[in-house]
Amino acid sequence: MSLEQLSKLVEDGEAEIAQDLAANLLENGSDPIEMIEMLTRTMAHVGELFAKLDIFLPEIMMAGDALSAVVKVLGPYLDKVGGQKCKGKVVIGVVKGDLHEIGKNIVKLILETNGFDVKDLGYNVDSLTFVKEAEAMGADFIASSSLMTTTMPRQKEIIEILKDKGIRDKYKVVIGGAPTSQMWADKICADLYCYDAKSAPELMASLMKPQDETTR
Amino acid sequence: MATAYRLWEMLDRARTGRFMDEDDFLPRRFTPTLKKLIKKYEIKYDPKTPCPSDDAMADRIWQAAWDLFREVGYYNTDSHRIIEVSDEEIKEALYMANDQYWVGGGKDARLWKHRQVEDKTPPFCIMSPDITVDEKYHQSMCMAYLKEPLLDGFCGPILEETFGHLIESGGPTEISGCIQHIYNQKMAARLLGRPGTFMVAVGTAEHDSGQIAVSDDNWGVQKTDSRLVGSLTEFKTADTLLNRALHYAQYGCFTGNLTGAIYGGWCGGSEGTAVTTVAYSLIGLLIHGAIFNQHFPFHLNTCSNTTRELLWSISMAGQALSRNSKLLYTSNGFANAGPMTEMLFRETAVHAMVSTVSGWHLWEMASTRNKYRNRATPLEARLGIEAGHAVANQGMSRAEINEIANRLLATYEDLAADAPMGCEYHECYDVAKALPTQEHLDMFRKIKDEIAAMGVNFLY
């Protein structure tokens, strides 16, 4: 039993076996912080393979499921030692009228594996729901995806609602999706445009001040 | 005879079929089944042959696609139920499907017929920019495309604004934008003396209400035109999409099935992309009542399909469909580069030639990854379609095109991720006259001559 074996099982998407091994390792005194840091490196490696399409979406999703299964086991142990650093809290969804969520699902997975706490609102999400959920979560980011030009205006609508409620500065608004662009982000005064999933963690982390990091 | 006669049975199954949680459908039903079938039927991608000559594997891809549709079904995200079909129903639909249709009206009507692999009959050619365009350029761009002599069907550019208002899906601005869209298209066709040209979609209409708003045999989408029903990735639908299938059938226009299997997504690699693409043709036939299937498989990262891993999938899918059915299907090019770049002309030519010899009809060209407003023109589509006509007329083989494709791929495939964006429409076309600039034409001729020197005998 070793951390390397655990890493391989997560990489290969073997959720149940990974979960059992993680439990065994913890019972035998493995450091939960060391385990989570190793798994973060594992998922970074998986992310790189996916970015080059050396592996495909099903493989990275299975690895993500395996990681989630292991994190469930790690959770109580991490709480005892002060929790895991959270780089930021994100509500993410596909805007109203849009049913395409593959891009959003990839971004969600990449953010979670890079230390962000993510609440997935799904697709066809009303603009006001984004705001309400962000308030309920105490989120740092509101991230919206649009795959069609005729649903892009909903991304602007989210920002307008934030302004109307006087809470624009509380959240960093991130946009993405095939028809979106930096030009569109500038036009609607979004805080960040993410061209692709792999750039999201670094770009979003750069918007956070060090004192904004929390534990989860 | 149209194929929508079983539509109500399918709509009923969208409500009463097997229940499944949406989160489970792709990872636990679609992808494992696809992987199993790829292994069972020994389907294997070879990067050296973007245009393979492998009849046996084409037939295996067909069988794998049949099994995929039958074993997985089609998932309705609104009802959380799976529409499933039987072997007998697939056989019935294939038997009843027509192998040709007259589309468009009056003197502009065109006969659209099924093609074989290496068929000497030229492909049916639909031209489309597939992108959004500034309101002020919309009618000019429609005219520019409709001036192309080899155009058999037209899909107009998409509006983002209607008389200065941002178009929002499902809202009144979309209704207005759709009417403006079809008016511009029809007016352009009339002004150019081809009023009955086959129009294949109103892309501004994302919501079903937008589509319904433009169904009018006098001023809107006519019964000699078609509209498209899309899918959600992968093998999923929703009530709003089924609404379209029903409306088009009841209104009486033709229905096209719109699909874009994602390489690198739930389909996996080239093998899965090919199988999924073929299976979508069966879905279009049985569930949407489509007379043709419009396919644009694309790369998850680059959003294009002109590099070898996608060309292979396109070629094999076309061969599978041609050899095993009498269906109609178009191969929609998605290029990396933008207008008035040599790369875009080469990409379009490769896509068109590979598709043509593999039995496809053509739909060219979504330039600049289908992502940037105003960045597509008819001239790249013209080159692709002339190349398609040339290789068909010449009776070129898959092996010959494979060699030409490899030579052209060597000039651009390593540049796919950082392709040049080129120009916007108004920068390389005379907007008032809807004609290409001389500089643009010179570049077109240069690349055409380059391809001719490789052994392609253009007809003029």
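**Ground rules.** I'm working with a predicted model, where local features need pLDDT of at least 70, side-chain atom pairs count only at pLDDT 80 or more, and totals for chains, interfaces and linings use all residues. Residues are numbered from 1 along each chain as written, with chains lettered from A and ligands numbered from 1 in written order.

**Chain B overall.** I looked up the secondary structure and got 15 helices and 22 strands (DSSP runs numbered from the N terminus: H or I of at least four residues for helices, E of at least two for strands). The radius of gyration is 21 Å against 23 Å from the globule rule for 460 residues, so chain B is as compact as a globular protein of that length (taken over C-alpha atoms; the rule is 2.2 Å times the number of residues to the power 0.38). Along the principal axes, the C-alpha atoms of chain B fill a box of roughly 60 × 50 × 40 Å. I find 62% of chain B's 460 residues buried (20 or more other C-beta atoms within 10 Å of a residue's own, with C-beta atoms placed from the backbone).

**Where the chains touch.** I checked the interface next: 16 residues of chain A contact 27 residues of chain B (contact means C-beta atoms, placed from the backbone, within 7 Å). On the chain A side, helix α4 (residues 57-80) gives the largest share, 3 residues. That side has 11 nonpolar, 5 polar and no charged residues (Ala, Val, Leu, Ile, Met, Phe, Trp, Tyr, Cys and Pro are nonpolar; Asp, Glu, Lys and Arg charged; the others, Gly among them, polar).

**α4(A) on α5(A).** I then followed α4(A) to helix α5 (residues 102-113) of chain A: their axes come within 11 Å and cross at roughly 40 degrees (axes are lines fitted to C-alpha atoms over the stretch in contact, and angles run from 0 to 180 degrees between N-to-C directions). The pair is therefore oblique (under 35 degrees is roughly parallel, over 145 roughly antiparallel, 65 to 115 roughly perpendicular, the rest oblique). Among the contact residues I noted Leu57(A), Ile60(A) and Gly64(A) of α4(A), and Ile106(A) and Glu112(A) of α5(A). The contact has 6 nonpolar, 2 polar and 1 charged residues.

**α3(B) on α10(B).** In chain B I picked helix α3 (residues 55-72) and helix α10 (residues 308-324), which pack at about 85 degrees with axes 8 Å apart. That makes them roughly perpendicular. Trp62(B) of α3(B) and Arg323(B) of α10(B) are among the residues making the contact, which divides into 8 nonpolar, 2 polar and 3 charged.

Key:
Contact = placed C-beta atoms within 7 Å. Buried ≥ 20, exposed ≤ 12 C-beta atoms within 10 Å, placed from the backbone.
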